[in-house]
Amino acid sequence: VNVDGRYCGRLWSNGVLVEAITVLKLQQDGRLTGTYEFADGGAMTPGSLSEDTAGKGLDHTLNWRDPYGTGKLFISLRPDYSGFTGKWQDQTGTPNELWDGTRC
């Protein structure tokens, strides 16, 4: 079992927790990449995830990019890769907001 897969969860967006689907893939060099989409006023807004350097163990720092901008996503994977908990921030560095997912 590895991290590759689809995770259904929530992220904090514009003052509310909304549905989010995060897809993660482990590259051969140990970096995580992926895509996500989140509920946004009746539509799903897409985004992409990339990691500059391979994470250590279950902790990864990803770059997120979507129509609203860019920022960082800090995630901790469960040891069995059944899900993750995370916090995201935008380019201003604050605030740290919830982003999580469970394999689905």
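Visitor: How many disulfides does a search of the whole structure find?
Guide: In this predicted model, a search of the whole structure finds one disulfide, and the pair that forms this disulfide is cysteine 8 and cysteine 104.

Visitor: What makes cysteine 8 and cysteine 104 a disulfide?
Guide: The sulfur atoms of cysteine 8 and cysteine 104 lie 2.0 Å apart, and a disulfide is a pair of cysteine sulfur atoms within 2.5 Å, so the pair counts as a disulfide. This pair links distant parts of the chain, with cysteine 8 in strand E1 and cysteine 104 in the segment after E8, 96 residues apart.

Visitor: Why is the disulfide of cysteine 8 and cysteine 104 called right-handed?
Guide: The torsion about the S-S bond is about 75°, and therefore the disulfide is right-handed.

Visitor: Why is cysteine 104 called partly exposed?
Guide: The relative accessibility of cysteine 104 is 45%, and partly exposed covers what lies between the buried limit of 20% and the exposed limit of 50%, so cysteine 104 counts as partly exposed. Cysteine 8, at 31% relative accessibility, also counts as partly exposed.

Visitor: How do you know that aspartate 100 and arginine 10 meet in a salt bridge?
Guide: The N to O distance between the side chains of aspartate 100 and arginine 10 is 2.5 Å, and a salt bridge asks for a side-chain nitrogen of Lys or Arg within 4 Å of a carboxyl oxygen of Asp or Glu, so the pair qualifies. The pair links distant parts of the chain, since aspartate 100 is in strand E8 and arginine 10 is in strand E1, 90 residues apart.

Visitor: Is aspartate 100 buried or exposed, and why?
Guide: Aspartate 100 has 13% relative accessibility and therefore counts as buried, because buried means under 20%.

Visitor: What makes aspartate 52 and lysine 72 a salt bridge?
Guide: The closest N and O atoms of aspartate 52 and lysine 72 are 3.9 Å apart, and the cut-off is within 4 Å, so this pair is counted as a salt bridge. Aspartate 52 is in the loop between strand E4 and E5, whereas lysine 72 is in strand E6, 20 residues apart. At 57% relative accessibility, aspartate 52 counts as exposed, because exposed means over 50%.

Visitor: Why does glutamate 97 have no salt bridge?
Guide: The nearest side chain of opposite charge, lysine 87, is 6.9 Å away from glutamate 97, and a salt bridge needs a distance within 4 Å, so glutamate 97 has none. Glutamate 97, which is in strand E8, is buried and touches Trp12, Gly86, Lys87 and Trp88, leaving aside residues up to four places away in sequence.

Visitor: How do you know that strand E5 and strand E6 pair?
Guide: Strand E5 and strand E6 have eight bridges in the antiparallel sense, and pairing needs at least two bridges, so the two strands count as paired. One of the bridges brings together threonine 61 and phenylalanine 74, and E5 and E6 form a hairpin with two residues between them.

Visitor: Which residues have the most contacts inside the largest nonpolar core?
Guide: The largest nonpolar core has 18 residues, and those with the most contacts inside it are Leu24, Leu49, Leu73, Ile75 and Trp99.

Methods. Residues numbered from 1 in each chain as written. Predicted model: local features only at pLDDT ≥ 70, side-chain atom pairs only at ≥ 80, totals over all residues. Heavy atoms only, no water. Buried < 20%, exposed > 50% of the residue type's maximum accessible area, 1.4 Å probe, protein only. Helix = DSSP H or I, 4+ residues; strand = E, 2+ residues; numbered from the N terminus. Lys, Arg positive; Asp, Glu negative; His and termini not counted. Contact = heavy atoms within 4.5 Å. Core = buried A, V, L, I, M, F, W, Y, C linked by side-chain atoms within 4.5 Å.
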